[in-house]
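Please work through the exercises below with the sequence and the model side by side, trying each task before reading its solution.

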Amino acid sequence: MENYCWVVLAIITCVVLLKLFHDDKQNLPPGPKPWPIIGNLHLVGSVPHKSLHKLAITYGDLMLLKFGTRNVLIVSSPEMTREFLKTNDANWASRPQLAAGKYTAYNYHDMTWAPYGPFWKQARRIYLNEIFNSKRLDSFEYIRVEEMQNLISRLFHLSMLGNPILLRQHLTRYTLTSYVKEMKELHRNLDKFNNFVLDDHKAKRELGDKNFVARDMVDVLLQQVEDPNLHLKLNTDSVKGLMQDLLAGGTDTSATTIEWAFHELIKQPKMIKKAQKELDRVIGDGRWVQEKDFTQLTYIESIIKETLRLHPLSTMLPPRTSLEDCHIAGYDIPKGTILMVNAWSIGRNSRYWESSEEFIPERFEGKDIDVTGQHFMLLPFGSGRRKCPGYSLGIRIIRATLANLLHGFNWQLPHGINPQDISMDEIYGLTTHPKLPLHFIMVPRLPHHLYK
Ligand code: HEM
């Protein structure tokens, strides 16, 4: 018995020594000392990208924090982001399995929260090939035009009353498809809503003939369910998960970017005038802006880029996790570490952006800096394998909406409100909104018959 105890003791000692030896050898990135149980969570305030931006000034552009017991890497510079999302992208292509994905996304059966693997690959292929290819997007332009005309005509009628208009209220009602409105008004419960949309589409398909033509993106998804060549059969939950991605991605995102643009523009009316001059020259006063006009609307394009630089919707890119142990920038990074990129901080990096806190669209004029994830100083749509698949739709909606709102109306603050009173505070979330929505006095500037 005594011998047995000695053997057990020797084994335990070896294990402890081995672990200590191993840990000593690990060269982990720097970071603040964690507290027991909560780790470093007490250092992260209600606007996390700002707290993490400040911490990075002390600990550097790659720092290791503990959120509870989990290791979380925070990356805050373009160079370091390139290391993770380009050089080592394959290893960081998964998402951590967090409660959000489990409970709101059909147990990770959507694209945003799905771990890297066959389901995600197939979903991504469907999105890129079937839903967001430019032919399909062109064929659904009529839906966007219809929604746009409704928005403009609603705003026109309100503007004629002369009262201040709460822009957010109208932008969030203006949606990718009228279904979202129904979700907000009729169905608080997401799953109920998804079932409703799905059943409605199925019923319409069954009523249609054999030559059924997809009218919107949900129809395209339903066609995929029947595709015998699909590697992995889609079940109802995965269709609902993917639908949810489309609805969430297609509504709040564009509306919030437009809201931020007006928060900035109204403080500098000369920019609104400059944009309107461009519109008068390219479009004239006889029609609305179409998606194809955008190659010529370069100043408005610069306004959009500058808005996305200072106000990226995902101030912290959604978390990734590593599939294997790796070695980056001289540090050892264990498998399963969570990675978060501070896109907000990167957009303000003074080595890349002069007067980085100021809104200056002109900084993009004549520069070849785009927003699709290849220039790491500007990452509103992320980068690498998990970058936003809805980019081409999102950017079309933002362009057409912003351009038409500037084309159709003159903009002023209500009497008694000064530009310097405008709060640029944020509410942090999966998308980060202005804390206080603004009212505007809007005055139509085109012949009135165009608004009807
Ligand atoms: C202004 C418009 C939009 C912005 C700024 C935006 C931004 C983003 C960002 C930052 C990511 C994370 C990328 C990464 O992890 O590197 C993302 C992912 C995603 N976006 Fe968007 N997005 C927009 C529009 C859309 C639209 C219109 C859709 C679909 C209708 C969409 C669907 C998705 C999906 C499904 C993902 C997850 C991709 C994955 O994990 O593989 N987004 N988006």
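Predicted model: local features only at pLDDT ≥ 70, side-chain atom pairs only at ≥ 80, totals over all residues.

Residues are numbered from 1 along each chain as its sequence is written.

**Exercise 1. The whole protein**

Task: State how many helices and strands there are in the protein, and what share of its residues counts as buried.

Solution: Begin with the secondary structure, taken as DSSP runs numbered from the N terminus, where helices are H or I with at least four residues and strands are E with at least two. On that basis there are 16 helices and 11 strands in the protein. For burial, a residue is buried if 20 or more other C-beta atoms, placed from the backbone, lie within 10 Å of its own, exposed if 12 or fewer do, and partly exposed in between. Of the 452 residues, 36% count as buried. Finally, two residues are in contact if their C-beta atoms, placed from the backbone, lie within 7 Å; of the contacts with a separation of 6 or more, 70% come from residues 24 or more positions apart.

**Exercise 2. The shell around the ligand**

Task: Find which helix gives the most to the shell around the ligand, and describe the shell by residue class.

Solution: The ligand is surrounded by 26 residues, of which G249, G382, C388, G390 and G394 are the closest. Next, look at the helices: α12 (236-265) and α16 (391-408) each supply at least two residues of the shell, and α12 gives the most, with seven. For the classes, Ala, Val, Leu, Ile, Met, Phe, Trp, Tyr, Cys and Pro count as nonpolar, Asp, Glu, Lys and Arg as charged, and the others, Gly among them, as polar. The shell then has 11 nonpolar, 11 polar and four charged residues.

**Exercise 3. Strand pairing**

Solution: Two strands pair if DSSP finds at least two bridges between them.

Four bridges join β8 to β11 (residues 439-444), and N410 has V443 of β11 as its bridge partner.

**Exercise 4. Two packed helices**

Task: Describe how α13 and α14 pack, giving the angle and the distance between their axes.

Solution: Axes are lines fitted to C-alpha atoms, for helices over the stretch in contact, and angles run from 0 to 180 degrees between N-to-C directions. Helix α13 (residues 269-282) and helix α14 (residues 298-310) pack at about 140 degrees, with axes 8 Å apart. That angle makes α13 oblique to α14, since angles under 35 degrees count as roughly parallel, over 145 as roughly antiparallel, 65 to 115 as roughly perpendicular and the rest as oblique. The contact is made by M271, K274, A275 and E278 of α13 together with Y299, I300 and I303 of α14; by class it has five nonpolar, no polar and two charged residues.

**Exercise 5. Single residues**

Task: Decide whether I37 is buried or exposed, and which residues Y59 touches beyond its neighbours within four places in sequence.

Solution: Most residues other than glycine have a negative phi. I37, however, has a positive phi of about 65 degrees although it is not a glycine. I37 lies in the loop between α1 (2-25) and α2 (48-59) and is exposed, with 9 other C-beta atoms within 10 Å. Y59, in helix α2, is partly exposed, with 17 other C-beta atoms within 10 Å. Beyond those sequence neighbours, Y59 is in contact with P30, G31 and P32; Y59 and P32 are 27 residues apart in sequence but 7.6 Å apart in space, C-alpha to C-alpha.

Key:
Near = placed C-beta within 6 Å.
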